[in-house]
Amino acid sequence: MSLSNADVKKIASLARLAMNDAEIASARSQLSGIFELIAEMQAVDTKGVVPMSHAQDVSQRLREDKITESSQRELFQTIAPQVESGLYLVPQVIE
Amino acid sequence: MQWEIIIGLEVHTQLSTNSKIFSGASTTYGAEPNTQADAVSIALPGVLPVLNKGAVERAIKFGLAIGANIASRSVFARKNYFYPDLPKGYQISQFDLPVVGQGELTIQVEPLSGNGKPYEKVVRVTRAHLEEDAGKSLHEDFRGMTGIDLNRAGTPLLEIVSEPDMRSAAEAVAYAKTLHSLVRWIGICDGNMQEGSFRCDVNVSVRRPGAPLGTRREIKNLNSFKFMQQAIDYEVQWQIDTLENGGKIQQATVLFDPEKGTTHAMRSKEEAHDYRYFPDPDLLPLDITPSMLAQARDTLPELPQAKRERYVTELGLTPYDASILTSSREMAEFFEAALAEAPDQRKICANWLIGDVSAQLNRDGLDIAQCPITPKQLGGMLKRISDGTISNAGAKEVFRVMWSESGEADAIIDAKGLRQVSDTGAIEKIVDEIIANNPTQVADYRGGKDKLFGFFVGLAMKASKGKANPAQLNEVLKRKLDNNK
Amino acid sequence: MLNSSLTQMGAALHAKRISSIELTQLYLNRITELNPALNAYITTNAEFSLAQARRADQLLANGKAQSLTGIPIAQKDIFCAKSWRTTCGSKMLENFIAPYDAHVIEQFNNAGAVNLGKTNMDEFAMGSSNETSFFGPVKNPWDNHAVPGGSSGGSACAVAARLCAAATGTDTGGSIRQPAALCGISGIKPTYGTVSRYGMIAFASSLDQAGPMARNAEDLALMLNVMTGFDERDSTSLQRDKEDYARDLNKPLAGLRIGLPKEFFAEGLAQDVAGCVNLAITEYQKLGASIVDITLPNSRLAVPVYYVLAPAEASSNLSRYDGVRYGYRAPEYSDLTEMYERSRAQGFGAEVKRRIMIGTYVLSHGYYDAYYLQAQKIRRLIAQDFTEAFQNCDVIMGPTSPSTAFNLGEKGDDPVQMYLSDIYTIAVNLAGLPGMSIPCGFGSNGLPIGLQIIGNYFDEARMLNAAHQYQLVTDNHQRAPNNIGL
């Protein structure tokens with residue numbers, strides 16, 4: 001299968017990765033090579049096979065509904081790029 | 001030509017757990033920004049989700065309450081998109097295997113306008129699934145930036161999705177109100193709409209009857225029933241106008257502006273969504289055991305629908321009264337506790353609650369849980385109405401005093417001298433005096449002016465200072481006046 | 001002391017022949033001397049390490065020491081360690097000071113071990129050569145032109161060059177076993193769910209598993225005893241009784257059935273590697289083991305399946321790096337989308353971006369069934385192959401890597417060639433099985449070769465037993481590179 005530049009652009013946008021035209025072109029050729037490798041699995045007959053999401057067949061453990069955490073805002077926000085009045089700041093969100 | 005309105009709802013109910021759905025941070029509303037945003041809530045590298053049992057129990061209760069199938073195995077999936085209030089860049093939700101399957105909700109619809117009669121309708125619930133809430137974006141001006149508070153991120157939500165079964169704003173509002181009442185009734189959500197505990201997304205489309213479904217637009221985040229009605233009314237009219245003017249409806253997410261009463265499409269969600277759902281590898285399948293189901297069933301109270309039916313069949317109330325008395329669990333519990341004091345006064349008890357009590361609560365801006373008089377007080381008063389101790393007028397006075405000053409009915413009756421005069425001798429004496437003092441009117445009455453009976457009742461009541469037992473008074477008056485007719 | 005086993009080191013500490021402070025300082029000095037050339041460590045913090053050593057000496061003095069108390073351990077820079085810079089090999093986290101400890105770090109702290117520093121790694125563990133690290137490639141101590149393997153290349157190098165007593169690694173598709181093989185050391189990836197992933201920065205959650213890297217199997221057992229254990233903060237952590245992984249080390253191997261999958265000895269395997277692996281098998285036969293020919297027919301699909309599933313999970317796991325709450329934020333942007341796109345484009349390296357793109361694509365609308373779901377189904381077929389194989393054998397053996405260490409830059413431009421270097425290790429992660437690599441000889445270029453041992457679920461003790469018995473009669477694991485100042 002081969003990818004178009006438009007495909008690559010769309011993926012980059014979904015993944016929020018800025019890419020210029022040269023990067024898109026080089027990504028396209030490398031991704032196409034990888035998808036050739038992946039294409040090998042298309043031929044396998046998997047009718048009736050249950051998809052395997054986890055390494056073990058175990059069910060989810062449940063946590064008691066208890067508050068175990070207290071505020072660590074000061075510590076956590078020492079590593080934040082931009083904060084004010086306890087809030088994380090980002091460029092304006094437009095709705 | 002007629003248009004048919006098609007409405008479906010997606011309701012996000014915040015579950016009333018102590019801690020978040022995937023971590024031990026508190027869910028209390030209104031804390032200082034980010035003080036309830038623990039390592040999991042802010043998605044630090046390396047942290048992992050562990051599912052809160054309380055959230056699962058609440059989802060099961062809801063499923064049982066709408067008669068739905070509870071999935072013995074359900075799966076959590078990641079819904080991937082970037083947004084600053086979504087710290088992981090994905091929301092943990094349930095996609096193709098939700099915990100609650102198809103169920104239904106019976107609603108009582110009161111047409112909002114015109115003179116339509118109330119009617120009952122069954123709305124199908126498609127599914128309900130567990131997911132996590134996002135944080136909040138605060139758009140106040142931080143020099144052109146937005147502030148992000150992640151206290152709400154990770155609050156457990158049950159998203160309840162209906163079929164597009166509603167055909168008017170009235171039905172949509174009735175469904176939302178019934179659902180709102182139900183989730184509070186079974187104790188899974190506090191229902192506080194101002195705080196965002198119960199948020200409605202409404203999908204609206206219109207079509208010609210019999211035609212295929214029209215393109216829908218989704219009105220997001222309605223947090224009052226009034227706004228919901230206004231938003232739907234506006235949206236429906238807008239869609240009809242658009243179509244009748246030869247336009248086309250584009251699928252869109254819209255917001256309601258309560259100030260202007262209008263809806264408008266959101267700007268930021270234009271880009272085509274591709275959420276790339278896949279099973280969350282950090283969470284294993286949720287298996288609900290028969291013992292968990294049994295436990296949920298045991299803690300479920302009698303449901304409003306069952307209660308409503310019982311009030312009609314066992315207590316002989318009208319369906320309308322029954323539905324009002326079961327509009328909230330607090331109301332029903334108030335009714336039942338008051339009735340326990342005066343078990344034979346079913347209709348009167350219902351009338352008082354639906355009439356004077358509700359009216360007074362309304363005036364004072366209170367709900368039934370905040371009612372200043374207790375069910376025992378009201379019941380005590382009903383008992384005295386029932387045994388003839390007080391008249392209706394006397395009861396109103398007792399109620400007024402109980403409301404504004406407190407006290408039990410008997411004490412108020414004594415203190416205010418509200419006991420009815422039921423002594424036949426005393427009533428006869430009053431009646432005799434009135435007949436003696438008003439010969440002209442008596443003659444006219446006896447001559448056929450029946451309407452004058454009320455005049456004599458008034459005089460007699462006045463003479464008894466309102467305390468005469470009205471039934472008895474009527475009987476004596478009638479006997480003495482008609483004697484020489 | 002540098003060539004002693006952990007047991008011997010522990011004994012020396014107990015006997016006060018050396019203090020933890022002295023031992024820690026010895027390694028710190030070696031790091032100062034050798035790390036500029038090898039680049040095995042991203043971060044050291046002598047003050048912190050020596051403070052831990054001091055506390056360990058107190059424990060030793062008070063008779064409260066456990067087996068690893070006072071022993072300097074290198075931690076892969078994928079584990080969050082409170083107050084330590086934790087970079088995951090990425091510019092994205094260049095200045096990220098972790099505000100909490102990973103479960104693995106807690107376990108070592110509770111055991112009184114000394115955190116000697118954070119080792120270099122491929123960025124977000126995505127790589128097989130350590131060349132994708134933002135902090136520069138690690139050199140193979142056996143040949144500074146060769147790669148150490150990846151992604152736990154820094155840990156492998158540090159162990160091989162005696163820059164730590166032992167180290168931790170993580171293995172998503174071979175990231176413990178392959179660098180262990182290429183650097184001539186021992187490493188084990190236990191059964192998925194055995195070591196908590198809490199605080200271990202996620203690459204592909206359903207495949208990631210931490211494990212130890214050391215100079216011999218006996219050391220691995222002691223390390224595993226500390227690292228494993230149930231952790232309620234990881235939903236995939238298994239609730240099992242604590243076990244002693246050293247319990248079977250000394251069992252004789254008579255009767256051990258070794259499965260040899262024909263697919264692991266087919267085309268693509270370098271002759272010198274095949275030769276050494278076969279020699280090791282012969283050694284096992286001398287020890288009383290028998291050989292069973294087995295087949296893993298779907299294992300040829302492991303690489304394609306892996307390169308769908310791992311990038312899919314990674315694309316989602318790495319969405320949290322958005323420049324909002326921590327990590328790199330681009331200096332210039334005009335709006336929110338640009339802030340995201342530039343922060344991520346500048347903060348992530350080429351290989352990470354490539355995998356995010358693959359993952360985003362295979363999960364996107366219209367491709368999910370053909371790629372992601374199909375890969376998950378084949379994943380089950382691959383796991384079933386192993387289940388069937390283990391009906392007839394106790395352990396499976398084969399090469400860890402198709403060749404000895406390749407040269408730095410050799411596969412730089414061809415991701416597919418790089419991906420194929422994990423051809424023998426990936427299937428084990430897909431199945432969730434335990435796998436290990438031990439040194440079994442040297443190639444024609446003098447570089448180390450690893451023997452891979454794959455066990456059934458929870459059979460780590462048996463694998464360690466097999467490895468230990470081999471190491472009792474061979475000396476491949478005792479050989480050390482030249483030029484490391486021994």
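## A tour of chains A, B and C

Begin in chain B by selecting strand 4 (residues 76–80) together with strand 15: two bridges join these strands, which run antiparallel. The model on display is a predicted one. Within this pairing, B:Pro279 of strand 15 is the bridge partner of B:Ala77.

The three strands make up an open sheet in the order 5-4-15, with antiparallel pairing. Strand 5 (90–94) and strand 15 (278–279) of chain B are the edges; each has a single partner strand, so one side of each has no neighbour in the sheet.

Remain in chain B and select helix 5 (residues 304–313). Which residues of this helix are buried? They are B:Pro304, B:Lys307, B:Arg308 and B:Tyr311. These residues lie on the same side of helix 5 of chain B because they cover an arc of only 100° around the axis. The spacing follows a general rule: an α-helix has 3.6 residues a turn, so residues three or four places apart point the same way. Now display helix 2 (169–185), helix 6 (319–325) and helix 7 (329–341) of chain B, which are among the elements covering the buried residues of helix 5. On the face of helix 5 turned away from its buried side, select the exposed residues B:Ala306 and B:Thr313.

Turn now to the contact between chains A and B, which takes 31 residues from chain A and 43 from chain B. On the chain B side, the elements giving two or more residues are strand 2 (51–52), helix 1 (53–65), strand 8 (136–142), strand 9 (145–149) and strand 16 (286–287). Strand 9 of chain B gives the most, with five residues. By class, the side of chain B that touches chain A has 20 nonpolar, 16 polar and seven charged residues.

Strand pairing also crosses between these chains. Select strand 1 (residues 62–63) of chain A with strand 2 of chain B: they pair in the parallel sense over two bridges. Here A:Leu62 stands opposite B:Leu51.

Finally, show chains A and C, where 41 residues of chain A are in contact with 54 residues of chain C. Helix 9 (302–317), helix 10 (336–347), helix 11 (350–363), helix 12 (369–389) and helix 13 (415–419) of chain C each supply at least two residues to the side that touches chain A. Which helix of chain C gives the most to that side? Helix 12 does, with 12 residues. The residues on this side of chain C divide into 32 nonpolar, 11 polar and 11 charged.

Definitions and conventions. Residues numbered from 1 in each chain as written. Chains lettered and ligands numbered in written order. Predicted model: local features only at pLDDT ≥ 70, side-chain atom pairs only at ≥ 80, totals over all residues. Contact = placed C-beta atoms within 7 Å. Helix = DSSP H or I, 4+ residues; strand = E, 2+ residues; numbered from the N terminus. Nonpolar A, V, L, I, M, F, W, Y, C, P; charged D, E, K, R; others polar. Pairing = 2+ DSSP bridges. Buried ≥ 20, exposed ≤ 12 C-beta atoms within 10 Å, placed from the backbone. Arc of directions from axis to C-beta.
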